[in-house]
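Subject: Structure handover

Hello,

Here is the structure you asked about. My notes on the contacts follow below it.

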2 protein chains.
Amino acid sequence: MTNSVPATGKRARLVAAACQAMHQQGVEKTTLADIAQAADVPLGNVYYYFKTKNDIVRAVIEAHLAEADAMLAAIEGAYPTPRARLKAVFSGLSEQSELIAEYGCPRGSLCTELDKRADGPEITAELMRVPLDWAARQFEAMGRPDARDLAVELLARYQGTALLANAFHDPGLMEREAARVAEWIDAV
Amino acid sequence: MTNSVPATGKRARLVAAACQAMHQQGVEKTTLADIAQAADVPLGNVYYYFKTKNDIVRAVIEAHLAEADAMLAAIEGAYPTPRARLKAVFSGLSEQSELIAEYGCPRGSLCTELDKRADGPEITAELMRVPLDWAARQFEAMGRPDARDLAVELLARYQGTALLANAFHDPGLMEREAARVAEWIDAV
DNA sequence: GTCTATAGCCAGATAGAC
DNA sequence: GTCTATCTGGCTATAGAC
């Protein structure tokens with residue numbers, strides 16, 4: 001390992017602060033000063049860890065990807081059947097309905113926003129590719145030849161519902177749709 | 001009518017330019033100079049029509065709402081049954097798959113972005129409420145007691161698919177899902 | 001490695017001549 | 001009503017002492 005983590009974990013604190021701030025305020029409106037203050041790091045010191053703001057964005061995406069990997073792996077370990085896994089993921093996501101109603105899906109809104117950024121990192125699409133591929137593998141394991149289509153439908157329903165729940169600031173909308181999606185997974 | 005429209009239609013040009021720029025670049029990254037230049041209006045003159053940037057955002061939303069109203073009214077006039085209307089709207093939307101793959105759904109990404117803006121206009125949610133209520137009325141006319149749930153599912157699928165098509169820059173994804181949604185409407 | 005001070009830039013908004 | 005010139009503030013990024 002070439003880079004040793006500073007004892008204080010400043011880098012980790014900065015990334016965590018950036019994740020939260022960018023989710024709540026959006027990428028563009030989040031300033032380096034916001035992040036530095038939330039992480040309790042002096043502004044100038046941020047540049048020791050990240051050369052540009054875009055590097056922070058990249059780190060935020062990578063943090064989301066790592067979290068998604070860990071979450072999906074944990075679910076695969078905990079549930080034996082693909083159907084149970086799919087339902088577990090979706091119910092886990094909709095437990096955050098309050099957060100989503102207030103600020104939207106952290107990964108979805110990041111995708112939407114970064115796509116308009118001329119210099120947005122190319123990894124952005126991974127935020128959707130990872131869960132999409134995972135869901136497609138589960139549907140394949142269920143023997144569905146249209147696994148990919150079903151995965152698209154599942155992810156689209158989640159993302160679209162998150163968008164609506166956020167627009168109306170209504171967590172109930174998210175929970176209601178989550179219940180209907182669970183029925184759908186059972187029926188597929 | 002208290003305000004007479006200037007003969008040159010500068011205001012209309014500004015709103016149209018703002019609509020396009022904000023769809024393509026996002027609200028935050030669109031500057032008044034961008035809008036003024038695209039509309040061929042000198043920068044300082046913009047402030048004669050709009051006191052603040054937020055006023056332009058409001059006008060953009062109102063333009064989208066007016067367009068949606070006109071579109072839905074036209075479809076209601078052209079198709080007799082609710083089922084045909086729902087399919088017509090959805091197929092109309094997915095004809096713009098190239099545009100959506102490049103920049104996302106104009107109304108969806110606007111909702112997502114404006115919700116993170118502290119001073120975002122309250123009308124924002126209308127962008128989703130109008131089509132949602134309209135779809136719910138169509139499902140009601142089909143005698144469905146769960147009309148509202150079905151409307152949420154329909155709009156969520158559209159918005160979610162638009163987000164994915166944009167993330168992957170894949171118009172085909174939008175078209176494929178549109179075809180599957182059409183089947184779903186027939187089966188409901 | 002850490003932090004202060006500040007450079008440099010660019011956006012939103014205004015003043016005021018015409 | 002129209003337009004030029006400019007003010008003001010905030011943000012990214014850097015310089016350089018410690």
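A polar side-chain atom of Tyr49(A) lies 2.6 Å from a phosphate oxygen of DNA strand C. That counts as a polar contact (a pair of N or O atoms within 3.5 Å; within protein, one must be able to donate a hydrogen and the other to accept it, and residues adjacent in sequence count only if both atoms are side-chain atoms). From chain B, Lys53(B) has a backbone N or O atom 2.9 Å from a phosphate oxygen of DNA strand C.

This is a predicted model: local features need pLDDT of at least 70, side-chain atom pairs count only at pLDDT 80 or more, and totals for chains, interfaces and linings use all residues. Residues are numbered from 1 along each chain as its sequence is written, chains are lettered from A and ligands numbered from 1 in the order in which they are written, and side-chain values use heavy atoms, with hydrogens and water left out.

DNA strand C

The residues around the strand (one heavy atom within 4 Å of it) come from both chains, including Pro42(A), Gly44(A), Thr30(B) and Tyr47(B). Helix α3 of chain A, residues 43-49, gives the most to this surface, four residues; helices here are DSSP runs of H or I, at least four residues, numbered from the N terminus. Of the DNA strand C atoms within 4 Å of the protein, 76% belong to sugar or phosphate, and the rest to bases.

Chain A and chain B

40 residues of chain A are in contact with 40 residues of chain B (heavy atoms within 4.5 Å). The two chains bury about 3,400 Å² between them, 61% of it on carbon and sulfur atoms; buried area is the accessible area (1.4 Å probe) lost on putting two parts together, summed over both. On the chain A side, Lys116(A), Leu163(A) and Phe168(A) lose the most area to chain B, together 20% of what that side buries.

Six salt bridges are found across this interface (a side-chain nitrogen of Lys or Arg within 4 Å of a carboxyl oxygen of Asp or Glu). One of them joins Glu153(A) and Arg180(B), at 2.9 Å, N to O.

Regards

Methods
Helix = DSSP H or I, 4+ residues; strand = E, 2+ residues; numbered from the N terminus.
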